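Visitor: Could you take me through this structure? I have not seen it before.
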Amino acid sequence: MTEIEQGPITLDVALAGATSCLECRFWDHKKDLEGFCRRSAPAPAGRENEITRWRQTRSEDWCGDGEIAVDPLPRIPCGACRFWFRPEHGIDPLQHAGRFSDWWQHAGLCRRHSPQADAELGGRGYWRTTHDDDHCGEATGK
Ligand code: SF4
C-alpha cells in the first residue's frame, strides 16, 4: 500500500484515488499548471441568478474526492442532464454579471443539490445558473 505524507495527515492512496489534480478525472486543464475542478455540481446560493464558476486548482493540488483518470469522464453537458432546468426562454436577469445576453439565453438552473440550512431566518435558496454546454462530475443523463 502506498502512503503519502501531507502535513499532519497520512493518506492511503489506494482509498484516495488521485494523488494530484493533474491525474484526476474531474480536473479540467486550463493552461500551464492551472485547471478547474469539476468534481461537484454547484451548491445553491442565497441570491437569484448567481453564475457558477468552477474553482481553479493547481496541478499538484489534491483532495479526498479525486479519482484517478483511468477512464475519461463521460461528458454529459448540463443541457442533457436530468438536474438541469431551463425556463422556456432562458433567463433574463437584471444584472448580467459580465455575461452577454446570448449566454443567458442558453442558461438554466442546476438543481442537483438542495439548499443548505444556515443561521439566516427566512433565508431563501436559489439554484445557480450554468450554461447548457457546462459539465460536472455529478451529471446524470435524462
Ligand atoms: S451537469 Fe447536471 S449536475 Fe452538473 S452542473 Fe450541469 S446541471 Fe448540474
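Guide: A helix here is a DSSP run of at least four residues, and helices are numbered from the N terminus. Please also keep in mind that this is a predicted model.

Visitor: Which helix does Ser101 lie in?
Guide: Ser101 lies in helix H2, which covers residues 101–105.

Visitor: Is Ser101 buried or exposed?
Guide: Ser101 counts as exposed, because it has 9 C-beta neighbours inside 10 Å. The cut-off for exposed is 12 or fewer.

Visitor: And how are Ser101 and Gly90 placed?
Guide: They are 11 residues apart along the chain, and 9.8 Å separates their C-alpha atoms.

Visitor: Let us turn to the ligand. Which residues come nearest to the ligand?
Guide: There are 14 residues around the ligand, and those that come nearest are Cys78, Cys81, Cys110, Cys136 and Ala139.

Visitor: What classes make up that shell around the ligand?
Guide: The shell consists of 9 nonpolar, 2 polar and 3 charged residues.

Visitor: Which residues make up the largest nonpolar core?
Guide: That core has 9 residues: Ala41, Cys78, Cys81, Trp84, Leu109, Cys110, Trp127, Cys136 and Ala139. Apart from it lies another core, of 7 residues, which includes Ala18, Trp27, Cys37 and Trp62. In soluble globular proteins, nonpolar side chains tend to be buried together.

Visitor: What is Cys78 in contact with?
Guide: If neighbours within four places in sequence are left aside, Cys78 is in contact with Trp84, Gly108, Cys110, Thr130, His131, Asp132, Asp134 and His135.

Visitor: Trp84 and Cys110 again. Where does Trp84 stand?
Guide: Trp84 stands opposite Cys110 in S7. Strand S6 (residues 84–85) and strand S7 (residues 107–110) run antiparallel and are joined by 2 bridges.

Visitor: What else pairs with S7?
Guide: Strand S8, residues 129–131, pairs with S7 in the antiparallel sense over 3 bridges. Within S8, Thr130 is the bridge partner of Gly108.

Visitor: Now the open sheet. In what order do its strands come?
Guide: The order is S3-S4-S5, with antiparallel pairing among the 3 strands. Strands S3 (27–31) and S5 (56–58) stand at the edges with a single partner strand each, so one side of each is left without a neighbour in the sheet. From one strand to the next, the twist averages 40°.

Visitor: How many bridges join S4 to S5?
Guide: Strand S4 (residues 34–37) is joined to S5 by 3 bridges, and the two run antiparallel. Gly35 stands opposite Thr57 in S5.

Conventions
Residues are numbered from 1 along each chain as its sequence is written. This is a predicted model: local features need pLDDT of at least 70, side-chain atom pairs count only at pLDDT 80 or more; totals for chains, interfaces and linings use all residues. A residue is near a molecule or strand if its C-beta atom, placed from the backbone, lies within 6 Å of it. Ala, Val, Leu, Ile, Met, Phe, Trp, Tyr, Cys and Pro count as nonpolar, Asp, Glu, Lys and Arg as charged, and the others, Gly among them, as polar. A nonpolar core is a set of buried Ala, Val, Leu, Ile, Met, Phe, Trp, Tyr and Cys residues joined through C-beta atoms within 7 Å. A residue is buried if 20 or more other C-beta atoms lie within 10 Å of its own, exposed if 12 or fewer, and partly exposed in between; C-beta atoms are placed from the backbone. Two residues are in contact if their C-beta atoms, placed from the backbone, lie within 7 Å. Two strands pair if DSSP finds at least two bridges between them. Axes are lines fitted to C-alpha atoms, for helices over the stretch in contact, and angles run from 0 to 180 degrees between N-to-C directions.
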